[in-house]
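Subject: Structure handover

Hi there,

Here is the structure I promised to pass on. Have a look at it first, and then read my notes below.

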Amino acid sequence: HGETEAGKGGRGRGRASSALPGLLWQSDSLVVCEVDPELKEKLRKFRFRKETDNAAIIMKVDKDRQMVVLEEEFQNISPEELKMELPERQPRFVVYSYKYVHEDGRVSYPLCFIFSSPVGETHFCLSPGEGLRFAVFEIRTTDDLTEAWLREKLSFFR
């Protein structure tokens with residue numbers, strides 16, 4: 001999976017990030033949520049997967065444990081199928097390996113970090129740190145997650 005450069009503006013804005021040592025959860029106070037160690041290992045393996053289909057790992061915050069945990073994994077899943085798996089009213093983090101066919105025919109497999117942050121819900125943000133590299137995007141409604149949207153956001157990926 002390649003590393004990416006900063007994306008271009010608008011809702012669902014993208015940027016490169018070395019994310020996931022911890023995520024911040026905001027309510028009455030700001031709390032650092034650790035990433036479950038088993039999930040960290042799963043994400044490292046996911047980054048180097050050999051399969052050429054689209055795949056996703058959906059994560060959520062376990063508020064009781066103050067930890068980001070695995071919710072579900074998917075193989076061979078399109079962006080449209082993935083959006084059907086996301087709850088409309090609860091925040092979720094998605095790591096998505098996407099088979100991206102460039103206009104010149106080259107194929108790459110960017111690793112995308114998609115934060116589904118419904119309007120009016122708790123907001124999360126990434127903390128800086130060492131780790132995996134992602135193209136980072138935010139959506140405010142699951143309807144935003146389509147193949148056309150993702151291809152537009154990845155157009156900066158060379």
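Let me start with Met84, which counts as exposed because its relative accessibility is 65% (exposed means over 50% relative accessible area, buried under 20% and partly exposed in between, with a 1.4 Å probe and protein chains only). Met84 sits in helix α2, residues 79–85; helices (H or I, at least four residues) and strands (E, at least two) are DSSP runs numbered from the N terminus. The C-alpha atoms of Met84 and Thr142 are 7.8 Å apart, although 58 residues separate the two along the chain.

Before the rest, please note that this is a predicted model, in which local features need pLDDT of at least 70 and side-chain atom pairs count only at pLDDT 80 or more, while totals for chains, interfaces and linings use all residues. Residues are numbered from 1 along each chain as its sequence is written, and side-chain values use heavy atoms, with hydrogens and water left out.

**Overall layout**

The protein chain has three helices and eleven strands, in the order β-β-β-α-β-β-α-β-β-β-β-β-β-α along the sequence. It contains 158 residues, of which 47% count as buried.

**A charged patch**

Glu72, Glu80, Glu81 and Glu85 make up a negative surface patch (patch residues have over 30% relative accessible area and no salt bridge, and like charges are joined within 9 Å; a salt bridge is a side-chain nitrogen of Lys or Arg within 4 Å of a carboxyl oxygen of Asp or Glu). Helix α2 gives the largest share of the patch, three residues. Glu85 lies in that helix and counts as partly exposed because its relative accessibility is 37%.

**Aromatic pairs**

There are four aromatic pairs in the structure (ring centres within 6.5 Å; planes under 30 degrees apart are stacked, over 60 edge-to-face and the rest tilted). One of them is stacked: the rings of Phe93 and Phe115 have centres 5.1 Å apart and planes at 15°. This pair links distant parts of the chain, with Phe93 in strand β6 (residues 92–97) and Phe115 in strand β9 (residues 111–116), 22 residues apart. Phe93 counts as buried because its relative accessibility is 2%, and Phe115 is buried at 6%. Tyr98 and Tyr100 form a tilted pair, since their ring centres are 6.4 Å apart and their planes are at 35°; both tyrosines are buried.

Best wishes

Conventions: Patches are made of residues with over 30% relative accessible area and no salt bridge: like charges are joined within 9 Å, nonpolar side chains (Val, Leu, Ile, Met, Phe, Trp, Tyr) within 5 Å. Accessible areas come from the Shrake-Rupley method with a 1.4 Å probe; for residues, only the protein chains shown count as cover. Lys and Arg count as positive and Asp and Glu as negative; His and the chain ends are not counted. The place of a charge is taken as NZ of Lys, CZ of Arg, CG of Asp or CD of Glu. Rings of Phe, Tyr and Trp (its six-membered ring) pair if their centres lie within 6.5 Å; planes under 30 degrees apart count as stacked, over 60 as edge-to-face and the rest as tilted.
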